Amino acid sequence: MPGERAIRKLGNDISWARGRRHISQASLAERMGASLSTVRRMEKGDVKVPIHFLARALHGFGVIRALEHLLDTPNDEIGLTLMDKHLPKRVRSKSGGSSGAL
């Protein structure tokens, strides 16, 4: 499944980032408020690791903004395009004399 592949890749990327920074798994676990086994499972791409631990790891590496902007509403091109397709083609004024003009 694509989701599982993405989680495995993220776990591998976390492992590499931790190694590049010379941080032990035990130290990362302590910083995250997690157990050593949780860090090991996370780095192996275990999909059962709660997302808040992934977020804490990203925060520890200074890249939490990437998670914050994954589906950033103003930049969701697909969502905005779909929403625009449902806009009315033209707007009719209500009967009653008011043109609706400012």
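Does Ser 24 count as buried, partly exposed or exposed, and at what relative accessibility? Ser 24 is partly exposed, because its relative accessibility is 39%; that class lies between buried (under 20% relative accessible area) and exposed (over 50%), with a 1.4 Å probe and protein chains only.

## About the model

This is a predicted model, in which local features need pLDDT of at least 70, side-chain atom pairs count only at pLDDT 80 or more, and totals for chains, interfaces and linings use all residues. Residues are numbered from 1 along each chain as its sequence is written, and side-chain values use heavy atoms, with hydrogens and water left out.

## Overall architecture

Let's begin with the whole chain. The protein chain has six helices and zero strands, and its elements follow the order α-α-α-α-α-α from the N terminus. Helices (H or I, at least four residues) and strands (E, at least two) are DSSP runs, numbered from the N terminus.

The radius of gyration of the protein chain is 23 Å, whereas a compact globule of 102 residues would have one near 13 Å. That radius is taken over C-alpha atoms, and the globule rule is 2.2 Å times the number of residues to the power 0.38. The C-alpha trace spans about 75 × 30 × 20 Å along its principal axes. Among contacts with a separation of 6 or more, 41% join residues 24 or more positions apart; a contact means heavy atoms within 4.5 Å.

## Surface and charge

Of the 102 residues in the protein chain, 21% count as buried. The accessible surface comes to about 8,200 Å², and carbon and sulfur atoms hold 58% of that area. Such areas come from the Shrake-Rupley method with a 1.4 Å probe, and for residues only the protein chains shown count as cover.

On the charge side, the protein chain carries 18 positive and 10 negative side chains, with the centres of the two sets 3 Å apart. Lys and Arg count as positive and Asp and Glu as negative, while His and the chain ends are not counted. Each charge is placed at NZ of Lys, CZ of Arg, CG of Asp or CD of Glu.

## The nonpolar core

The largest nonpolar core has 14 residues, and Ile 14, Leu 28, Met 32, Val 39, Met 42, Ala 57 and Phe 61 have the most contacts inside it. At least two residues of this core come from each of α1 (2-20), α2 (25-32), α3 (36-43) and α4 (51-60). A nonpolar core is a set of buried Ala, Val, Leu, Ile, Met, Phe, Trp, Tyr and Cys residues joined through side-chain atoms within 4.5 Å.

Val 39 sits in helix α3 and counts as buried because its relative accessible area is 0%. Setting aside neighbours within four places in sequence, Val 39 contacts Gln 25, Leu 28, Ala 29 and Met 32. Leu 80 is 41 residues from Val 39 in sequence, and 37 Å separates the two from C-alpha to C-alpha.

## Helix α4 and its cover

In α4, the buried residues are Phe 53, Leu 54, Ala 55, Ala 57 and Leu 58. Their cover includes α1, α2, α3 and α5 (64-68). Just after α4, Gly 62 has a positive phi of about 80°.

Arg 18 is in helix α1 and is buried, because its relative accessible area is 13%. Not counting residues up to four places away in sequence, Arg 18 touches Ile 23, Ser 24, Gln 25, Leu 28, Glu 43 and Phe 61. Ala 6 is also in helix α1; with a relative accessible area of 44%, Ala 6 is partly exposed.

His 22 is exposed, with a relative accessible area of 75%. His 22 has a positive phi of about 60° although it is not a glycine. Most residues other than glycine have a negative phi. Ser 24 and Ile 14 are 10 residues apart in sequence and 12 Å apart in space, C-alpha to C-alpha.
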